[in-house]
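Welcome, and please open the model in your viewer. We will go from one selection to the next, with a word on what to look for at each stop.

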Amino acid sequence: MKIHNTLTGKKETLTTLIPNQIKMYTCGQTVYNDIHIGNARFYVAYDAIRRYLEYKGYKVKYVQNFTDIEDKIIQRAAEECTTTCELAEKYIARTLEDLTALNVRHATIHPKATEEMPEIIAMIEKLIQSSHAYHINGSVYFNTADAEGYGKLSRKKIEDLISGARVEVDPEKQNPTDFILWKPAKPGEPYWESPWGNGRPGWHIECSAMALKYLGEEIDIHGGGGDLIFPHHENEIAQSEAANGKNFARYWMHSGLITVNHKKMSKSQGNFQTIREIAERFSYDVIRFYLVSGHYRAPMEFTDEVIKAAEQGLNRIKNCYRNLTHAEKTTSNGLVDETTKESADK
């Protein structure tokens with residue numbers, strides 16, 4: 001089989017590190033709210049990919065993380081007068097409930113960032129020791145200028161990024177494109193002890209540390225939504241390859257986004273509908289059928305009319321299946337009586 005590899009921009013024949021086995025990692029949810037239809041597109045797409053790989057005879061070890069500590073989680077916990085831990089556990093449980101309803105199988109492992117701090121800290125220490133990272137005033141940054149091939153996934157050049165809007169302005173950085181690995185805790189925020197002071201990890205480092213712990217230094221497939229190509233996956237490649245001295249992932253796969261009025265659906269845009277809201281109008285199997293109705297890399301426009309069309313399509317398939325099942329049961333000597341045949345033809 002062939003896979004479109006975002007890293008090379010080409011379709012490539014799948015070859016694995018270990019014969020008939022696949023090590024697969026995808027970036028999961030930041031758990032501060034219920035998943036919306038755009039999130040569900042990602043989950044359903046990689047569930048279908050995983051199932052197909054298993055159908056083809058591969059043994060798939062599938063790791064999909066939960067980010068359970070992050071600025072949005074801290075803010076939402078304060079708004080709900082609860083702890084970040086309680087908030088994250090609440091939305092992890094609700095996410096898994098939604099995924100089960102969508103017939104998405106759980107990953108082999110669902111690690112959480114807060115439970116992997118020793119591994120995260122160890123990877124940061126290794127990057128500092130090899131001069132790929134530096135610490136200042138309790139913060140640790142990755143040195144992008146020292147990263148060979150930085151920008152190869154997104155095909156962005158460092159000189160273009162320096163003036164780009166997505167680069168954080170921080171006077172502590174040696175280079176404008178450097179990104180945070182460890183940030184010092186602000187008053188009242190959750191924190192973990194580290195060699196650089198109390199704080200918590202940046203978003204990018206957690207995935208690299210968890211992939212290393214559960215899948216090893218090299219993996220076969222790394223997946224996610226197309227919006228993660230830069231900066232998240234670009235930074236994962238840089239820090240993982242700097243720490244491990246090996247190619248991080250052989251194949252990079254990215255699913256298309258859900259759009260509303262041809263604009264990306266996102267919580268920050270406020271143009272999203274949660275799966276639970278949509279499930280009040282349509283069944284979960286209809287929602288799943290809609291999500292798998294297009295190519296996984298292609299964007300999909302979301303409207304109730306599109307979901308209704310998917311519902312009609314799914315009903316036709318179900319009716320056909322029921323008719324064929326009935327015909328099979330009523331076949332005599334390999335022949336179907338005329339009444340059954342008419343029903344099956346319809």
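Contact here means heavy atoms within 4.5 Å. Axes are lines fitted to C-alpha atoms, for helices over the stretch in contact, and angles run from 0 to 180 degrees between N-to-C directions. Helices (H or I, at least four residues) and strands (E, at least two) are DSSP runs, numbered from the N terminus. This is a predicted model, in which local features need pLDDT of at least 70 and side-chain atom pairs count only at pLDDT 80 or more, while totals for chains, interfaces and linings use all residues. Residues are numbered from 1 along each chain as its sequence is written, and side-chain values use heavy atoms, with hydrogens and water left out.

**First stop: the open sheet.** Select E5, E6, E7 and E8: these four strands form an open sheet in the order E5-E6-E7-E8, with antiparallel pairing (two strands pair if DSSP finds at least two bridges between them). Strand E5 (133-136) and strand E8 (199-201) stand at the edges with a single partner strand each, so one side of each has no neighbour in the sheet. Direction ignored, neighbouring strands of this sheet are turned by 20° against each other on average. Zoom in on E5 and E6 (residues 139-142), which pair over four bridges in the antiparallel sense; there, His135 stands opposite Val140 in E6.

**Second stop: strand E9.** Select residues 219-225. Are they buried or exposed? Seven of the seven residues of E9 are buried, that is, under 20% relative accessible area with a 1.4 Å probe, protein chains only. E9 runs parallel to strand E3 (residues 21-26), joined by three bridges, and Tyr25 has His222 in E9 as its bridge partner. Six bridges join E9 to strand E10 (residues 249-255), also in parallel, with Ile219 partnered by Ala249 in E10.

**Third stop: the nonpolar core.** A nonpolar core is a set of buried Ala, Val, Leu, Ile, Met, Phe, Trp, Tyr and Cys residues joined through side-chain atoms within 4.5 Å. The largest has 50 residues, of which Met24, Ile37, Leu53, Tyr290 and Phe302 touch the most other members. Helix H1 (residues 37-55) gives the most to this core, with nine residues. Centre on Ile37: leaving aside neighbours within four places in sequence, its contacts include Ile258, Met265, Tyr290 and Phe302.
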